[in-house]
Number of protein chains: 6
Amino acid sequence: MKLLIVNPNTSRPMTEGIAAAARAVAAHGTRIEAVCPSFGPLSIEGHFDETVAAAGVAEQVKRHAGPGAVEPPDGIVIACFGDPGLDAAREVSGAPVLGIAEAAFHAASFLATGFSVVTTMTRTCVIAEHLVQKYGFEPRCRGVHGTDIPVLALEDGGAGCVDAIEAAAREALVRDRSGAIVLGCAGMAALCAELSARLGVPVIDGVAAAVKFSEALIGLGLRTSGHGDYARPLPKTYLGWAAPLGW
Amino acid sequence: MKLLIVNPNTSRPMTEGIAAAARAVAAHGTRIEAVCPSFGPLSIEGHFDETVAAAGVAEQVKRHAGPGAVEPPDGIVIACFGDPGLDAAREVSGAPVLGIAEAAFHAASFLATGFSVVTTMTRTCVIAEHLVQKYGFEPRCRGVHGTDIPVLALEDGGAGCVDAIEAAAREALVRDRSGAIVLGCAGMAALCAELSARLGVPVIDGVAAAVKFSEALIGLGLRTSGHGDYARPLPKTYLGWAAPLGW
Amino acid sequence: MKLLIVNPNTSRPMTEGIAAAARAVAAHGTRIEAVCPSFGPLSIEGHFDETVAAAGVAEQVKRHAGPGAVEPPDGIVIACFGDPGLDAAREVSGAPVLGIAEAAFHAASFLATGFSVVTTMTRTCVIAEHLVQKYGFEPRCRGVHGTDIPVLALEDGGAGCVDAIEAAAREALVRDRSGAIVLGCAGMAALCAELSARLGVPVIDGVAAAVKFSEALIGLGLRTSGHGDYARPLPKTYLGWAAPLGW
Amino acid sequence: MKLLIVNPNTSRPMTEGIAAAARAVAAHGTRIEAVCPSFGPLSIEGHFDETVAAAGVAEQVKRHAGPGAVEPPDGIVIACFGDPGLDAAREVSGAPVLGIAEAAFHAASFLATGFSVVTTMTRTCVIAEHLVQKYGFEPRCRGVHGTDIPVLALEDGGAGCVDAIEAAAREALVRDRSGAIVLGCAGMAALCAELSARLGVPVIDGVAAAVKFSEALIGLGLRTSGHGDYARPLPKTYLGWAAPLGW
Amino acid sequence: MKLLIVNPNTSRPMTEGIAAAARAVAAHGTRIEAVCPSFGPLSIEGHFDETVAAAGVAEQVKRHAGPGAVEPPDGIVIACFGDPGLDAAREVSGAPVLGIAEAAFHAASFLATGFSVVTTMTRTCVIAEHLVQKYGFEPRCRGVHGTDIPVLALEDGGAGCVDAIEAAAREALVRDRSGAIVLGCAGMAALCAELSARLGVPVIDGVAAAVKFSEALIGLGLRTSGHGDYARPLPKTYLGWAAPLGW
Amino acid sequence: MKLLIVNPNTSRPMTEGIAAAARAVAAHGTRIEAVCPSFGPLSIEGHFDETVAAAGVAEQVKRHAGPGAVEPPDGIVIACFGDPGLDAAREVSGAPVLGIAEAAFHAASFLATGFSVVTTMTRTCVIAEHLVQKYGFEPRCRGVHGTDIPVLALEDGGAGCVDAIEAAAREALVRDRSGAIVLGCAGMAALCAELSARLGVPVIDGVAAAVKFSEALIGLGLRTSGHGDYARPLPKTYLGWAAPLGW
């Protein structure tokens, strides 16, 4: 079984970190391949970054899972908490495509009546909130909280980051009356075990959750619906650098 | 890894059928143990049946996963589409507990922008609708449809059942503009493959979905939150036949 | 007119206290009969307790209002704030069945644009919140607040309880900008008058509200709908101790 | 106990018809006094009519229940299905004030998991829908249906009206999967018994429901909250014909 | 182009102040005519005031835009933050009718992902909240906050008012994580520029917003729908002072 | 005043058609400049198309309104009914940015209690539905309907298109009980007048609505909030073709 992990930003170290987090939980027979777009922002900390990164996800999914792809993956994970390009990827790929935000929300819903999200920049809270609304997790998600840790600062994984996230999580558990914490950034994957140990409640990293749920769906033989809203893209000319993205 | 499947009704054949459906998708190292309550209805086709059956789920979960249980399971699946006793079971068990309705809803949400549920008795549609509302799947679930096939008629698996479910599903796909079908009864598990082949869209059996998602959560090392709403039950005397259920 | 009050827990003193609260508001011609299940928890402070208690409600309603019942009641009240077994009871009884949580929510909605609930254990807040969502009181209910008073401590009715509830209510009135308080436990019925006097806003005890609303519905000649979702249970074998609950 | 029924339109025959419907269900000790505004439309079949009629309700409530009123009522019912002037009346009166739409919605919610409204002019459906949304009955109200019977045609109570309403109700029960019917006009009160007999499901007339629920609230000693949103009006000069409405 | 501004209260100075605010933003060819009802409260600070004022709006709109009106306006603005009489006015007038609350909510939604409302009396917050719910701005409006400044105190425009509103706005921006402020009273129009300068975020006065959006709709040649819910009022006799309001 | 119209697809004829539609309603002093991305699909008929097109919107908005832009526009309109790149554009531009879907929804809400959307491909209905949900128009939007007219077929403006749209609109007005029609594609702008004449209800073209609402906001001196969620993008390196999009 081959899982394609698409890191929507263009940071090589973060792509590798995400791949490592994925491999750490993958089943014995699961092979992880991690890629990032050929263009776009080094990190995603707002709508503009995310909009360009979503096109990068489209590029990578078309390349690796579109018509004529060599050895297409059995499942795809989009490894940024805003789930950029998720709907686009599902039009391309019959293999299941999961975003890490939705995967984390689903996992948390299995474990607690309510959960809180702790993320990086406060300005991106609204992105998570829009996903909560779109996906229907409003009865479950009791709060989204920023720590204002820059995404790339997470790469160093310093104790300061863990402490700041732990503090925000502790406050959220009380203020939101939550039973679980969702980590709101792919870059937090490496901190998940430490935070779980400190907090004593389920702490969910979306990368890991998406990998295991992908394995589950693949194991069930389920594929993205090609009927209706996610039907394959219509034949169409694309111009400029995007010409190869046409159908 | 041991998964406990609790069939909330007391039909032995249906318990065995559900166990078979679970084993058919379980991973190599997953051992399936299927039980049903020592009391209660042979099938669940309304609120009264379900209310008594939920207590039966509580009984079985306490017995197999409560304090002093010998070899407690690593995960628990409640195999009736109304998810009876789900919250109670989560108070008892640190091991993840999944209902098949919620598992099916989550699976469908990964594969289509909207899904429809096809269930047995029309009178039970409201049970599924209440779950959709409680869990937050209102943006995703576009309709719940009854076929008025009695639950126990599904045991025979006659072609008539498949045809009736297929017809209801086809109508739902068009009328609800849905991309996937959720089977609204554990007794439909054996028909899932045939219906998938006929309909050409994802058809989701909650038993299978719950087994794989349980494996996924166990693989992630995640456990039911013991913090807050799902804290273990408080010490308490129970009277009558329920005395062993006290804490 | 005969009203059956079903106390879902098995505490005799609490059953008698609830009966007294009911009789205190009942109309001249209303006869109150209070029962509790033959099995189950002495108090209800979580989902597990409630799930077993709901089966106890089913048992009592079948016994007193099911086929062959001698002198079936004209109305039924389920006297625990989680409204356990409410839907089941409505399948059994053509006579109106009211839960005390819903009755209290309805009463509060007639008196204020927004209300707050003050309940016992914080861990049970989520039960009230699920009812608020299910019933549709989200535009009205502005908060559910725990005091962490154990249910059975209410029996003593000590001043400490009243003070703690008053304090929580005062804070809720300000923080939630509410105009009325709903008492979130049948065991608080005896404190209602004192709290009303202290707080100067409507304080609603669900037991009393359910009794008077039952009288109102009976006076209107209205009965539970037997059409559709609340149709009488289908004929069915029940096993074990529950055999008498079959249809 | 004295109940003031305010008919928001200025039709004397309809005022008397509503009074008769109220008296038919009132308890032994309840005295019904029915009034209508000194100005405004003879029937209410749209927003313009309703807006003027609401001011008429304010006039009557101030006169009969405001400061200096002689023998103020113990409860007030606003007898038009749009509940015009309800919030205004609650600012004036400590005695409970109920609208017949809300009373009917509450009654139906006690009897069925879902109900449908059958009303007069299709153009007024949106008024009922706005109330459903405002009050929070969206999980319960499954449809609002117009019959395009003019309000004043109901006064004659011809068989044609009953047949048309029955037909609309039958279609609603099936199409909406409802278990109860709410009559969407005070003028339908006299038809309620006949429709109940024909349809075999609970049919709810808001006038009767509001009378009995008012008696219930008065029996509980509950009053409109004077705290916060429904505090008594601030002292203020009113000009023109409305000068007596000032505070 | 002629715009009719209806001030629902009967304060002449406030009517003139609103007219001035409207003229300050009106386009070169837009003529502003401001009126107020012949009856009703000098200011609107609760439901009772508003209910009477809404009838005053109906009176003025019928007079100036109803059948036989001399030189009917091309657009109408209702200049009180509760939007009293809005639906009634739309039945009368084919020319677009805008309320200042809705206009402000729409404007804010174009400029920020979330906004907060700062209004006068805390007791009127619920009026704005009901509009937010009715119009559908719940995903955008993150809070409604009272300052308890009396409406008529705004006429003096004292620095104290500006300071109090600024303080409430600053707290709202942080607590609600909002990006824009909506002024919740027509009487605040004159303070808008000063508050914008102080706060550094968009501050929206509904009077100005409604004038410009009216010009926009008129420029598009769009008119109120006469089809369905806003069809012209049915022919009808009105009694008392309201006789001229009949159709 | 200069308005930048960004057509997210790369069709020159459609860009010109949109520019013509914009100029047809623009005020005397408004200069329209229409651009399209340097890359991407010729039309947008699904999520994949839209995702790439959104990056094209980001490119154009940065170029024309970002730091160092020569003569930046006073307002920006994104002229595709999915509002691709809207949030991204608002981070870049202090000048107001409007999407044509939201502008049309807002316009319709001023004119009718409910509206229906008639769009091109049925498979894109879900895109409009997601916007309706995100923006909060669920109480207003009563249906989204596909005609399965390809976007580029609209360029020819054949009578067949008008007839098909008219038929879908007529059915929607009845089935949805709507009072206005929103055209769900920028390519329908040229058909708006004809459809208005045929249908006799408000028919809203988002391009025109967005132009006039932009003029309104600019006239009010309002700008996109730079506080919080729409703060300017953080400094960041972009790789590949997107390097010029870095900050």
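In this predicted model, helix 1 of chain D has a buried set made up of M14(D), T15(D), I18(D), A19(D), A21(D), A22(D) and V25(D). These residues span an arc of only 160 degrees around the axis, which means they sit on the same side of helix 1 of chain D. The general rule behind such a pattern is simple: an α-helix has 3.6 residues a turn, so residues three or four places apart point the same way. The face turned away from the buried side of helix 1 of chain D holds the exposed residues R12(D), P13(D), E16(D) and A24(D).

As for what lies against the buried side, the buried residues of helix 1 of chain D pack against strand 1 (2-6), strand 2 (31-35) and helix 8 (206-219) of chain D. The helix itself covers residues 12-25, 14 residues in total, and stretches 21 Å from its first C-alpha to its last, close to the 20 Å expected at 1.5 Å a residue. At the start of helix 1 of chain D, a side-chain oxygen of S11(D) comes to within 3.1 Å of the backbone nitrogen of M14(D).

Turning to aromatic rings, searching the whole structure turns up 66 aromatic pairs over all chains. One of them joins F39(D) and W241(D) in a tilted arrangement, 4.8 Å centre to centre with 55 degrees between the planes. This pair ties together distant parts of the chain, 202 residues apart: F39(D) belongs to the loop between strand 2 and strand 3 (40-41) of chain D, and W241(D) to the segment after strand 10 (238-239) of chain D. F39(D) has a relative accessible area of 0%, so it counts as buried, while W241(D), at 23% relative accessibility, counts as partly exposed.

Over in chain E, F110(E) and F213(E) make an edge-to-face pair, 6.3 Å centre to centre and with 75 degrees between the planes. Here too the pair links distant parts of the chain, 103 residues apart, with F110(E) in the loop between helix 4 (100-109) and strand 6 (115-119) of chain E and F213(E) in helix 8 (residues 206-219) of chain E. Both of these residues, F110(E) and F213(E), are buried. In chain A, ring pairs join F81(A), F105(A), F115(A), Y135(A) and F137(A) into a cluster.

Rings also meet charges. The charged end of K62(D) sits over the ring of W247(D), 4.7 Å from its centre, and the charged end of K62(E) sits over the ring of W247(E), 4.8 Å from its centre.

Methods. Residues are numbered from 1 along each chain as its sequence is written. Chains are lettered from A and ligands numbered from 1 in the order in which they are written. This is a predicted model: local features need pLDDT of at least 70, side-chain atom pairs count only at pLDDT 80 or more; totals for chains, interfaces and linings use all residues. Side-chain values use heavy atoms; hydrogens and water are left out. Helices (H or I, at least four residues) and strands (E, at least two) are DSSP runs, numbered from the N terminus. The expected span of a helix is 1.5 Å times one less than its number of residues. Buried means under 20% relative accessible area, exposed over 50%, partly exposed in between (1.4 Å probe, protein chains only). The arc is that of the directions from the helix axis to the C-beta atoms. Contact means heavy atoms within 4.5 Å. A polar contact is a pair of N or O atoms within 3.5 Å; within protein, one must be able to donate a hydrogen and the other to accept it, and residues adjacent in sequence count only if both atoms are side-chain atoms. Rings of Phe, Tyr and Trp (its six-membered ring) pair if their centres lie within 6.5 Å; planes under 30 degrees apart count as stacked, over 60 as edge-to-face and the rest as tilted. A charge sits over a ring if NZ of Lys or CZ of Arg is within 6 Å of the ring centre and within 35 degrees of the ring normal.
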